[in-house]
Amino acid sequence: MSSPIDTTNNPAARRPRTPWQLFWERLRRRRFAMAGAWILVGLYAFALFAGFVAPSDHERQDRERFFHPPTIPRIQGWWLVVPRYEQVKAGPFVYKARRDDVKPVQFFVRGDPYKLFWLIPTRVHFFGTGESTHPIFLFGTDQFGRDIFSRILYGSQVSLSIGLVGIALSFSAGMFIGGISGYFGGRTDTLIMRLCELIMSIPGLYLILSLRATFPPNLSSTHVYLLIVVILSFIGWASMARVIRGMTLSLRERQFVLAARALGLPTWRIIVRHILPNTLSYVIVAATLSVPYYILGEVVLSYLSVGIQEPDASWGNMLTAAQNTEHLQSYPWLLAPGAAIFVTVLAFNFLGDGLRDAADTKSN
Amino acid sequence: MSLLQVQNLKVYFPVNHGLLSRVRAYVKAVDGVSLEVAPGETLGLVGESGCGKTTLGRAIIRLIEPTAGTVSFEGEEITKLGGAELRRRRRKFQMIFQDPYGSLNPRMTVGEIIGEAIDIHKLAVDDDTREARVKELLQAVGLDPIHVQRYPHEFSGGQRQRIGIARALAVEPQLIVCDEPVSALDVSVQAQIINLLKDLQVQKGLAYLFIAHDLAVVEHISRRVAVMYLGRVVEISESKKVCRDPKHPYTQALISAVPVVDPDLKRQRIVLPGDVPSPINPPSGCPFHPRCPIAEARCKVELPLLREVASGHWAACHLAK
């Protein structure tokens, strides 16, 4: 038995806890943040396994089922079954479920071919009926008869990764440039900061559009994807650099930085080892809270049809289909990608708020 | 030969105003200081807050660029050395900082903090000798070597100050500038740290420039003491002489403010009128004259230089005898 004061014999007390461990412990106590984190883990897992989870390919069109409503499965006996939907009249696309014609939902069913992790060719999908007469459209279909649920999954590969890649690019640039600006000060600082202000003073959307206009309009989706990341990062690094510069200004006067200088550490090592790590808790919070801007940036560009091009899916270009108010009234499931954006942005904000509280030790 | 020789060192900070950042004035933080430190000796440096002690200490090891004057280390001038040259010399002179909470990087373990100093000057041939050296240093400053894995926030103020001392010792310096190393600590811990510094001095032959605002602490550790006022050294001598027989009226006032343990002993307390004048616009003549109880007419005009008032006892006062 060891008393709480006796730290030498208590193995738990002897084990050193890093600042990150303490941070993690504080974060774990915040329920909303953890809920946000788990939602994000789920969303990113779905994006990774999109081909497997999606019942059909994102380009597959069902010409007999335009604007098909969401399929509602129900339990019949021991089976989870889906009905067949029959079109009532051709014009405004009204469907009716045939309760007498049902097929059980099967798991690990064969369907459209795809490549798991962009490498392994396979046809196995997580769920489906295996019958083309009884397709499962969880979120309905769009004007080309494509499964919206599958397209959201494929689109999430673009929309979710663009946030992370964009943040990685702009924040590493912002940290590095801001660190240099703050540490050296003087003319370097003035020059860099005026450049940041120049970039920040131009309204974001116009800058995005004019930058996009400098490139040809008919690029492949991969090129457009890279282009969007670069454009958004080009705008995003400036605000990060400003904050990091401010933090560096205060950190460089701290005595541990003076001690590092007195030891004769080269400048780059002082910035990389002593200054930037001490801005990290802020950076992580800011990054989490900024991911939504990158996701929304892609949405805006794709919505204005200068982003990811059809038939490739992204949450932005899927929302383009929901522009038409008549369609939206009759087929509200077209808004499903909007809900996906909403959930993602909310989850990032919850997580970001939790991270901020956990990083700010004074709040406890 | 002296280890450290400072000659006529000046540190002026420009004060900028307005959009165009025109330099309107200078803060004369250190204004023509000369002093010497012999190998293995301790020179105390006392003075009230804002008199330029810390700036002087930092300028000597070139954490602040001096405006004018020279600093020589083992006869070699270091004020003109650039980049890599200076970094190589830095292992000869180190600094111990005032704030035990701010002087250690919170993101690094004790082992990393001390090890970095060893790495940067390539003082260990491989990882094993490096680790052994870190543990040896921790032991030398009275910490348990199992603490290498720990982070600064797990230590008390006194322990952190010991880590700071170990870091300074890691590069085997000859001179350590101690910038008020105990003023942020409890009195009981102060004594421990000061005794540690004294022991290390004997073991390793270190020289200290010991900055403090507490005369009692300085008298205890130093062989010689320099008293600073408004960026200048006003008195310098052996610590006994300065404390028993102060020559400069400012030092006399300082000494009279040191509390005495004997309640029956009645001493005349010299209370200085007014505040320390602004170093942006120091008074003419002797900078101390507006507060000096014995100032004369010429003190307002003529700047007194350090002169040998008694044998080995220097004071910057026209009237000192």
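This is a predicted model: local features need pLDDT of at least 70, side-chain atom pairs count only at pLDDT 80 or more; totals for chains, interfaces and linings use all residues.

User: What volume does the largest cavity have?
Analyst: About 50 Å³ of space lies in it.

User: Which residues line the largest cavity?
Analyst: Its lining includes B:H248, B:P249, B:C286, B:F288 and B:H289. By class, the lining has eight nonpolar residues, two polar ones and no charged ones.

User: And what lines the second largest cavity?
Analyst: That cavity has a volume of about 30 Å³. Residues from chains A and B line it, among them A:F256, A:L263, B:I113 and B:R167. Two elements each give two or more residues to this lining: α9 (255–263) of chain A and α3 (110–120) of chain B. The largest share, four residues, comes from α9(A).

User: What classes do the lining residues of the second largest cavity fall into?
Analyst: Five are nonpolar, one is polar and two are charged.

User: Switching to helices: at what angle do α8 and α11 of chain A pack?
Analyst: Helix α8 (residues 221–251) and helix α11 (residues 280–303) of chain A pack at about 155°, and their axes are 10 Å apart. Angles over 145 degrees count as roughly antiparallel, so α8(A) is roughly antiparallel to α11(A).

User: Is their crossing left-handed or right-handed?
Analyst: The crossing of α8(A) and α11(A) is right-handed.

User: Which residues meet there?
Analyst: From α8(A), they include A:I228, A:L232 and A:G236, and from α11(A), they include A:Y282, A:Y294 and A:E298. The contact of α8(A) with α11(A) has 10 nonpolar, three polar and one charged residues.

Notes. Residues are numbered from 1 along each chain as its sequence is written. Chains are lettered from A and ligands numbered from 1 in the order in which they are written. Side-chain values use heavy atoms; hydrogens and water are left out. On a 1 Å grid over the protein atoms alone, a cavity is a set of points where a 1.4 Å probe fits but cannot get out, and a pocket is an open set with protein on both sides within 12 Å along at least five of seven lines; lining residues have an atom within 4 Å of a point. Grid points are joined across faces, edges and corners, and a volume is the space filled by probe spheres set on the points. Ala, Val, Leu, Ile, Met, Phe, Trp, Tyr, Cys and Pro count as nonpolar, Asp, Glu, Lys and Arg as charged, and the others, Gly among them, as polar. Axes are lines fitted to C-alpha atoms, for helices over the stretch in contact, and angles run from 0 to 180 degrees between N-to-C directions. Angles under 35 degrees count as roughly parallel, over 145 as roughly antiparallel, 65 to 115 as roughly perpendicular and the rest as oblique. A crossing is left-handed if the near helix is turned anticlockwise from the far one by less than a right angle, and right-handed if clockwise. Contact means heavy atoms within 4.5 Å.
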